[in-house]
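Hi,

Here is the structure I promised to pass along, ready for you to open in your viewer. My notes on its pockets follow below it.

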Amino acid sequence: MKQAKLPGFVERPDTVLRRYPPSNTSAPARYARAVQAYRSGRLSEALAAIDGLIAEQPSNAYFHELKGQALLESGRAREAVAPLRRAVSLAPGGIPIQVMLGQAQLAAGDVDAAIRELSLTTQREPESPDGFRFLAMAYGRKGDIGRAELASAQAFFNSADLRNAQTQASRAMAKLKPGSPAYLKAEDILNYRPPQDN
């Protein structure tokens, strides 16, 4: 399935169809064509193909993930939440799927749910820049600017952009309660010095 998914995302539509022609009715071929269809803007065709795959393999987290991703990237975030939630339940270790669920919740306007999901995700995977990036957006929408700046600092830090990480950490410290866990985390980022090569 992974070998079928990648071409759907990165190769030209005619290349995908040559490799996986309609005469090939295997699940990987239909998966590749579904990816290619939604990436080409043919959402209805893609969803029909994905729903067919889900009907055959209802416990395949990646089919639910693809449906959620196709809906989210087509501007239908509210509809994307349910398949992404299902994908998370089927693949509880799938951090990228959890981040996408938080992103969908945020885009759908459910800011509190997004904060809960992304907070859990970043606790489980503290080196995820994307998780912190979307968490920063969610806190910003909530009006919690100190936590938004701290999450942004962590996103920059995880992307090895120390200058912007420390700028955001300094801004966060001006708004967070001194001595609080969030303040101390921002202080850790501000005071971080990269190891020196010997």
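Helix 10 provides the largest share of the lining of the largest pocket, with six residues. Please keep in mind that this is a predicted model. Helix 10 spans 145-158, and it is joined by helix 8 (111-124), helix 9 (129-142) and helix 12 (181-191) in supplying at least two residues each to that lining.

The largest pocket has a volume of about 440 Å³. Its lining is made up of 20 residues, and those that lie nearest the centre are Thr 122, Phe 132, Leu 150, Gln 154 and Lys 185. Sorted by class, this lining holds eleven nonpolar residues, alongside five polar and four charged ones.

Now for the second largest pocket, which holds about 180 Å³ of space. Among the residues lining the second largest pocket are Gln 69, Leu 72, Glu 73, Ile 95, Pro 96, Val 99, Met 100 and Gln 103, and the list also includes Ser 128, Asp 130 and Phe 134. Two or more of these lining residues come from each of helix 5 (61-73), helix 7 (95-107) and helix 9. Which helix gives the most to this lining? That is helix 7, with five residues. By class, the lining of the second largest pocket splits into six nonpolar, three polar and two charged residues.

One link to look at on screen is helix 9: it supplies at least two residues to the lining of the largest pocket, and helix 9 also gives two or more to that of the second largest pocket.

Definitions and conventions: Residues are numbered from 1 along each chain as its sequence is written. This is a predicted model: local features need pLDDT of at least 70, side-chain atom pairs count only at pLDDT 80 or more; totals for chains, interfaces and linings use all residues. Side-chain values use heavy atoms; hydrogens and water are left out. On a 1 Å grid over the protein atoms alone, a cavity is a set of points where a 1.4 Å probe fits but cannot get out, and a pocket is an open set with protein on both sides within 12 Å along at least five of seven lines; lining residues have an atom within 4 Å of a point. Grid points are joined across faces, edges and corners, and a volume is the space filled by probe spheres set on the points. Helices (H or I, at least four residues) and strands (E, at least two) are DSSP runs, numbered from the N terminus. Ala, Val, Leu, Ile, Met, Phe, Trp, Tyr, Cys and Pro count as nonpolar, Asp, Glu, Lys and Arg as charged, and the others, Gly among them, as polar.
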